[in-house]
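Colleague: I am new to this structure, and I would like to go through the terms used for it one by one. Could you show it to me and then set each value against its definition?

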Amino acid sequence: MRKIKIGTRGSKLALWQAYHVEDLLKRAGLESEIVIIDTKGDQILDVSISKIGSKGVFTQELEDQLTDGRIDIAVHSAKDMQSNLPEGFEIIAFTEREKENDVLLSSKTDISIADASKPLVLGTSSTRRVATLKHFYPHVRTVEVRGNLQTRIRKMEEGLCDALLLAYAGVHRMGYDDQIVEKLSLDEFTPAVGQGSVAIEVSSTLDQTIKNKLISACNDLPTSLKLRAERAYLRVLEGGCSIPVFALASLENDEITLRGGIVSLDGSERISIEVKGNASNPEAVGQELADKVFGAGGKVILDQIKSTLNP
């Protein structure tokens, strides 16, 4: 079988993910090579993601090369994938998921998110995290910080903020565990859909034999079932990087428990609902959650968010 060309962004974390997939392919007896591609999200660092336009901000350029065959697969953080892929593309595998928590990373040791007696400035580029902070911890101030993890840490150390609010998975994979000062509650900081897993995207025209080999080598079935439920929820809400929606699925004895919701941009309203369903149809579980969130007022919040972001 020919060598598999793996497309990836060029940050250290993106390359970790690509090398991880390369290792999974190697264990399955498949040769591969890595192709580094710059995306719009990597090139524009002085503008918030919500202002760039969240659809495809980290994926468009990789999808262009999938289309013309310069790469066979694109490797992404699953949380960066838009809710509806463009026609002609599909996600065929999700790697085993890392811990889903958000964490605070800092060189200071006296950081506590709950301590309202001390001023605290957190760096983040996530609207979900900012809105969640406004809801639970309104005393905390945030500043926009973008770029790769190393760039963000440098900006923090230069005094931009006291700590960074990040996904545990990326911090752990880059070896910064010793700077984690607080692991945040999944109940309050329910993560973005897909957080902690790596998604493998292909063109729908890729040979089915190759697809099957890639799925066999890379897809973690429990993770895949959970993320299919989460993404089905996200698809109904049409949530991109700029919409503060959240969802997290767990799997036990062929039953999926899916908890998720939405929070208003100013943090004043937050809806969080839990549903359960059979793992044989994870998309139906995601649809049920979306229906219940909408029925509880989520549609009104979503429309308000969209009108604010796109006046």
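Modeller: Accessible areas come from the Shrake-Rupley method with a 1.4 Å probe, and for residues only the protein chains shown count as cover. Computed in this way, the accessible surface of the protein chain comes to about 13,700 Å², of which 46% belongs to carbon and sulfur atoms. This is a predicted model, in which local features need pLDDT of at least 70 and side-chain atom pairs count only at pLDDT 80 or more, while totals for chains, interfaces and linings use all residues. Residues are numbered from 1 along each chain as its sequence is written, and side-chain values use heavy atoms, with hydrogens and water left out.

Colleague: How do you know that the radius of gyration of the protein chain agrees with that of a compact globule?

Modeller: The radius is taken over C-alpha atoms, and the globule rule is 2.2 Å times the number of residues to the power 0.38. For 311 residues the rule gives a value near 19 Å, and the protein chain has 19 Å, so the two agree. Along its principal axes the C-alpha trace spans about 60 × 45 × 40 Å.

Colleague: Why is Tyr-137 called buried, and what makes Phe-136 partly exposed?

Modeller: Buried means under 20% relative accessible area, exposed means over 50%, and partly exposed lies in between (1.4 Å probe, protein chains only). Tyr-137 has 13% and is therefore buried, whereas Phe-136, at 28%, counts as partly exposed. Phe-189 is buried too, because its relative accessible area is 1%. Of the 311 residues of the protein chain, 54% count as buried.

Colleague: Why is the pair of Phe-136 and Tyr-137 called tilted, and why is that of Tyr-137 and Phe-189 called stacked?

Modeller: Rings of Phe, Tyr and Trp (its six-membered ring) pair if their centres lie within 6.5 Å; planes under 30 degrees apart count as stacked, over 60 as edge-to-face and the rest as tilted. By this rule the count comes to two aromatic pairs. Phe-136 and Tyr-137 are 6.4 Å apart, centre to centre, with 45° between the planes, and this pair is tilted. Tyr-137 and Phe-189 also have 6.4 Å between centres, but with 10° between the planes they are stacked.

Colleague: What makes the stacked pair one that ties together parts apart in sequence?

Modeller: Tyr-137 lies in the loop between helix H5 (127–136) and strand E7 (141–144), and Phe-189 in the loop between strand E9 (180–183) and strand E10 (198–203), so the pair ties together parts that are 52 residues apart in sequence. Helices (H or I, at least four residues) and strands (E, at least two) are DSSP runs, numbered from the N terminus.

Colleague: What makes a set of residues a nonpolar core?

Modeller: Such a core is a set of buried Ala, Val, Leu, Ile, Met, Phe, Trp, Tyr and Cys residues joined through side-chain atoms within 4.5 Å. The largest one has 24 residues, and Tyr-233, Leu-237 and Leu-289 are among those with the most contacts inside it. Helix H10 (282–309) is one of the elements that each supply at least two residues of this core, and H10 gives the most, with seven.

Colleague: How do you know that Leu-289 touches Tyr-233?

Modeller: Contact means heavy atoms within 4.5 Å. Not counting residues up to four places away in sequence, Leu-289 touches Tyr-233, Leu-258, Arg-259, Gly-260, Ile-273 and Val-275.
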